[in-house]
Amino acid sequence: MAALLSSHLRPCGSSLVLPVSPGGRNCYGGRSIRPEGGVACFRRLVCRSSSSSSSRSSSPRFEPDECQKVIPRFLKEGVVSLALAVGLLAGAPALDVPAYASPSGPVVPDLAVLISGPPIKDPGALLRNALPIDNKAIREVQKPLEDITESLKVAGVKALDSVERNVRQASRALSQGRSLILSGLAESKRALGEETLSKLAAGLGELQTIVEERNRDAVAPKQKELLQYVGSVEEDMVDGFPIEVPEEYRNMPILKGRATVDMKVKVKDNPNAQDFVFRMVLDGYNAPVTAGNFLDLVQRHFYDGMEIQRADGFVVQTGDPDGPAEGFIDPSTEKIRTVPLEIMVVGDKSPIYGETLEDLGRYKDQTRLPFNAFGTLAMAREEFDNNSASSQVFWLLKESELTPSNANILDGRYSVFGYITQNEDLLADLKVGDVIESIEVVSGLDNLVNPSYKVAG
């Protein structure tokens, strides 16, 4: 697999392993990292190309006394990732190597600065928070409704006391902030927003009744419904498309907004299930070029009939077409169509293109679409070419306690452009060889501009 996700550390016994593609090409390889005597020693495993000879199947193993030969190159390639991973997974970052890549300044970040609280893992919450809006009033309704999830972790009906406080807080915030919420609606969407806001108010009353009746089982479904209303109101606050796409990418397929797609997967050798359907939200507000490229390929039916090509417990990956090509060949150019690395940072007005946050020295910045949720959707690419992504995508499976927001070693290095919002837990059951029967657009296709699938060929 050509465009390989290769920088995600995972625990493996006493070592940390960067996963490799089972049949990849031009991949970065995996490193097994073992702190021994305070020194990070590692070995590199080079992927076998589907068309290469066995001479590339592996490379030399580095023993402890050879570490110093490799450390300079490792520092250049990304000491931040190693330091964070070792610090998070193996305790304090006690590496007996210089904490810098050059004399100009420190590279290893202060973990106390990066980890500022429990990460948000719910894909719906991540998508709501990623909207380009600034309306405190609606956020004050959103937060207590999201907090119901934590309240429900208490056993039995005792949880309902906390839920009731959450509901009252949300109702009070809506009542006091209604005028500010209405003023934040885009003029073209005002009528729809007002209607949704009325449904939200009524639904809060219904949830209060559910709590008073001590009907715990009915709380979560109603909470989900109300948060959907909140998300709809927040989307109605977005006026037009506020992102400026660089001129060199403006003729590519661009998603100016969001789109929802359903991916149907035929599962093999599982007596309990034959078909899984995953609903995904593609976020063009924060990754317009990447999301547009994917949606365009969906409309070309590029992924229909393609197998899951990697499923190792940490990522699920697909998108490598048959034949020598490592991505989608655009019929109009007869060349592989690639998209740039695209990272939106909290506080920025437009995405960063072509450079990782590590490259820019912005490793403390928080990405708008972090690798926090189970089922985070991102583009795979070659490790040393930031702009080599084409058609290969992956979904992250790893729990986010070990890779929290702003300290995740993938954040700022790979383009996230969406999340699975329904049935994401079933991702872990997918295996290599399971077949994507279809990916179909549910909504948002009208947000795609410059679609190449409409061009002849």
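This is a predicted model: local features need pLDDT of at least 70, side-chain atom pairs count only at pLDDT 80 or more; totals for chains, interfaces and linings use all residues.
**Aromatic pairs**

A search of the whole structure finds 9 aromatic pairs. One of them is formed by F302 and F328, whose arrangement is edge-to-face, with 5.8 Å from centre to centre and 85° between the planes. This pair links distant parts of the chain, since F302 sits in the loop between α8 (288-299) and β10 (310-311), while F328 sits in the loop between β11 (315-318) and β12 (329-330), 26 residues apart. Another pair joins F371 and F394, and because the ring planes stand at 5° with the centres 6.0 Å apart, this pair is stacked. F371 belongs to the loop between β15 (352-353) and β16 (376-379), and F394 belongs to strand β17 (residues 393-396), so the pair ties together parts that are 23 residues apart in sequence. F371 is buried, with a relative accessible area of 0%, and F394 likewise counts as buried, at 0% relative accessibility.

The two pairs can be set side by side:

| Pair | Centre to centre | Angle between planes | Arrangement |
|---|---|---|---|
| F302 and F328 | 5.8 Å | 85° | edge-to-face |
| F371 and F394 | 6.0 Å | 5° | stacked |

Ring pairs also link F302 and F328 with F294, Y303 and F417 into a cluster. A ring can meet a charged residue as well: R381 lies over the face of Y414, at 4.7 Å from the ring centre.

Helix α7 (residues 219-235) has 17 residues, and the distance from its first C-alpha to its last is 24 Å, close to the 24 Å expected at 1.5 Å a residue. Which residues of α7 are buried? They are V219, K222, Q223, L226, L227, V230, G231, V233 and E234.

Helix α6, which spans residues 190-212, contains A202. This residue has a relative accessibility of 44%, and therefore A202 counts as partly exposed. The C-alpha atom of A202 is separated by 9.9 Å from that of S171, although the two residues are 31 residues apart along the chain.

How values were computed
Residues are numbered from 1 along each chain as its sequence is written. Side-chain values use heavy atoms; hydrogens and water are left out. Helices (H or I, at least four residues) and strands (E, at least two) are DSSP runs, numbered from the N terminus. Buried means under 20% relative accessible area, exposed over 50%, partly exposed in between (1.4 Å probe, protein chains only). The expected span of a helix is 1.5 Å times one less than its number of residues. Rings of Phe, Tyr and Trp (its six-membered ring) pair if their centres lie within 6.5 Å; planes under 30 degrees apart count as stacked, over 60 as edge-to-face and the rest as tilted. A charge sits over a ring if NZ of Lys or CZ of Arg is within 6 Å of the ring centre and within 35 degrees of the ring normal.
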